[in-house]
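This report covers aromatic contacts and strand pairing. The structure comes below.

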Amino acid sequence: MRELRLLIDVAERGRLGWDADALSISEAAAYLLLPFGYEEEPLPLWKCRIIAIDEGFSAEHGRGRKISLGRLDVPLETFGRLRLASRKVERQLLHWMAWKVAAAEWKKGNESG
């Protein structure tokens, strides 16, 4: 959460593109920063999507249901200093997404998935 706020501050100070107003920023949320495009002008930066998952990767019924999205331009120098997701977090995300997809199908009554 603190890193996300710092990245937003960097974007504001540098007059870079960002749209994180719809994000729900809280200690309980999990945040993912996914680069989708590189630009050289006005300075080298990565255009990124921010995915905020309220209440983190909870698989409990009714938790982690809200996902909000944002966009943020991150200067190349700053991007290079960001921590990479650990294998544990990658696995949590994969399992969480699989669980959510399966739960949605079960809710519809489609047990074969």
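How exposed is Phe79? Phe79 has a relative accessible area of 22%, so Phe79 is partly exposed. The cut-offs are these: buried is under 20% relative accessible area, exposed is over 50%, and partly exposed lies in between, with a 1.4 Å probe and protein chains only.

## Basis

This is a predicted model: local features need pLDDT of at least 70, side-chain atom pairs count only at pLDDT 80 or more, and totals for chains, interfaces and linings use all residues. Residues are numbered from 1 along each chain as its sequence is written, and side-chain values use heavy atoms, with hydrogens and water left out.

## Aromatic rings

There are 2 aromatic pairs in the structure. Trp46 and Phe79 form a tilted pair, because their ring centres are 5.8 Å apart and their planes stand at 35 degrees. This pair links distant parts of the chain: Trp46 sits in strand β3 (residues 45-53), Phe79 in helix α2 (residues 76-81), 33 residues apart. Trp46 is partly exposed, at 26% relative accessibility.

Ring pairs join Tyr38, Trp46 and Phe79 into a cluster. Rings of Phe, Tyr and Trp (its six-membered ring) pair if their centres lie within 6.5 Å; planes under 30 degrees apart are stacked, over 60 edge-to-face, the rest tilted.

## Strand pairing

β3 pairs with β4 in the antiparallel sense, over 9 bridges. Ile51 has Leu69 in β4 as its bridge partner.

Strand β1 (residues 18-19) also pairs with strand β4 (residues 67-75), antiparallel, over 2 bridges. Here Asp19 stands opposite Arg71 in β4. Two strands pair if DSSP finds at least two bridges between them. Helices (H or I, at least four residues) and strands (E, at least two) are DSSP runs, numbered from the N terminus.
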